[in-house]
Structure formats: C-alpha cells, structure tokens
Amino acid sequence: MSLNVLIVDDSSIVRSVVAKTLRMADLPLGDVHQAANGREGLDVLESEWVDVVFADINMPVMTGVEMIEQIRANDKLAKLPVVVVSTEGSQTRIEHLKSLGITAYLRKPFQPEQFREIINTILELHHAA
Amino acid sequence: MPPESTIELESVFCEVLETLAFMFGDAVDKDEIPTSVEDVLEATITFTGAKQGKLSLVASRGIAMELAANALGVDVDDDEADEGAQDALGELMNVTLGQLLTAIEGNTEVFDLNPPNVTAQPDSATWEQYLDDPQSVAFVVDDHPVIIRFETEE
C-alpha cells in the first residue's frame, strides 16, 4: 500500500531534497504533494488524502507550529502523522511540538540515515492503521 | 562580533556546508580572497527573541549554483541548479543561523528566524563593504570566496 506524502517548507530546494530522500529510501510512495507554508499545507489536506506530513517550522504566512495545531484541532486530521524537519534548536519549542503529538523531529541539516529511522517508524504506523 | 562567536561561526558554517551540500570550507585571512568581486549574491537572515540580530553573507552566484546542484544531485550546468541557486543560498543561511544560535546561546533560549532574503548585487561595492567590515569573516569554499557577518543586539 503506497503512502501519500505532503512536504511543507518555504524552500523549494528543501522540498525537492526531502522528496528525493524519501524516494531513495524505497518508501512505497504514492502522491507527493508540496506546500510553501502552513496555510498552503492545510489547503492540500482539505482536498487530498495524505498519510504523513513532513513540515518545517519557520515559514511565512503560517508557521509549522500553527499548521500542526490546526491539524490536531481538526477531528478528521487529528491523528495524522507529522514529522517536523526544522532548524529549530530550542528545547522549549521542541517540547511544545512533542506535546502536539508529532511523530518525530529531525533537525536540519539532516543525514539520509536519520531519515531511514523515521521512515521505519512511519511504515510501522501505517501498517498498524 | 565577540571572538567566541567568530570561532562558533567558523565551525558551524563549515559543518553545515559539508552536511547540507558536501562542500568544504575554511576560514581564511582576508588578504587571501579577492578585493573585488562582481555579480555576487547577498543573503541576509534576521532573528528575534532572546536576542535579535542578523546573519549576512556575500558570495558569487557560482557557489550558490554549486550548492543547489549538490543539494539536488544534479550537474551545476543543469537548469535546476541555476533556478535553485538563490533558494539554496537562503536555506544555507537558515540552517547556519539555527545551528549558530544554539552553539552560542544554548538550547533553552527561544529565537524566531525570519525568512532569508537573497538579492543579486551586480557590481563590487557590496563585496567591498563586507571585506572592509572588521566584524566580517572570510572563507574559501571549494575555491570560492565567501564573506560572512554576524551581528547581534541585546
């Protein structure tokens, strides 16, 4: 069963790198959606079925935190796995993200091997769902 | 810039370059880089929070295209590298600043990073301004000269 993915980051380079890393990890990818900020990310989630979100935090228009808070407040999306990929280094912010139930936190710059561990977690969640 | 911040900047910038784009940089004395460089990109990113400030960089378009090419896994002559050059430089600044603030301030302080701003500077005036600034630090990255400046206010 394939995974539909949403990648949310204001950098098109980062979106391309994340998509490429996912493809190279032999993840059974379905549709790969991209959004440049939290608002666009929510728009995609309203119209497309997504199995996992990879999200940056510092973005214009709507931040990743604001987007995740709205995801968790939406009954239809509340359990959607979200992986944060960010430059954020503050433990206060990271703890807040964890309290929002994120699946994993990956700090930039990330190594492809770190992605593999997270992908295994996502696949376990997907199979359990 | 306090000496300890300079040391952290040198270390963080080189580590980020290597991890993000498989490129290798070294901090150098300013007399080892050109005194004028035209057609450069200037990238700035500001931050607020526990402190506020700005990280700024000036570099040739060539290094930005190499950054994009390496990050995307394409040839530097590929259209994708040219199209992604400014974005790649902005992301380099974003990641460097995030890591730098943690290195200097620790992981308890909260900072908000604004989106990076990258502009093309056709003549050498901007390069020369950075070179003349005593707060700036010079690097050579895969044979390309780069100048960076980190400023903070309490």
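F54(A) and F115(A) are both buried in this predicted model. Their rings form a stacked aromatic pair, with 5.5 Å from centre to centre and 15 degrees between the planes. F54(A) belongs to strand β3 (residues 52–55) of chain A and F115(A) to helix α5 (residues 112–128) of chain A, so the pair ties together parts that lie 61 residues apart in sequence. F115(A) also pairs with F110(A), this time in a tilted arrangement at 4.9 Å centre to centre and 50 degrees between the planes. F110(A), like F115(A), is buried. Through these ring pairs, F54(A), F110(A) and F115(A) are linked into a cluster. Over all chains, the count of aromatic pairs comes to five.

Turning to the interface, the contact draws on 24 residues of chain B and 22 residues of chain A. About 1800 Å² is buried between the two chains, 52% of it on carbon and sulfur atoms. On the chain B side, T19(B), L72(B) and D87(B) supply 24% of the area buried against chain A, more than any other three residues.

Polar interactions also feature here: 11 residue pairs are in polar contact across the interface of chain B and chain A. Two salt bridges are counted between the chains. E91(B) forms a salt bridge with K108(A), and the closest N and O atoms are 2.9 Å apart. At least two residues each come from α1 (3–21), α2 (61–72), α4 (85–105) and β4 (111–113) of chain B on the side that touches chain A. The largest share, eight residues, is that of α4(B). By class, this side of chain B comprises 11 nonpolar, nine polar and four charged residues.

Terms used
Residues numbered from 1 in each chain as written. Chains lettered and ligands numbered in written order. Predicted model: local features only at pLDDT ≥ 70, side-chain atom pairs only at ≥ 80, totals over all residues. Heavy atoms only, no water. Contact = heavy atoms within 4.5 Å. Buried area = accessible area lost by both parts, 1.4 Å probe. Salt bridge = Lys/Arg side-chain N within 4 Å of Asp/Glu carboxyl O. Polar contact = N/O pair within 3.5 Å; in protein donor to acceptor, adjacent residues only side chain to side chain. Helix = DSSP H or I, 4+ residues; strand = E, 2+ residues; numbered from the N terminus. Nonpolar A, V, L, I, M, F, W, Y, C, P; charged D, E, K, R; others polar. Phe/Tyr/Trp six-rings, centres within 6.5 Å; stacked < 30°, edge-to-face > 60°. Buried < 20%, exposed > 50% of the residue type's maximum accessible area, 1.4 Å probe, protein only.
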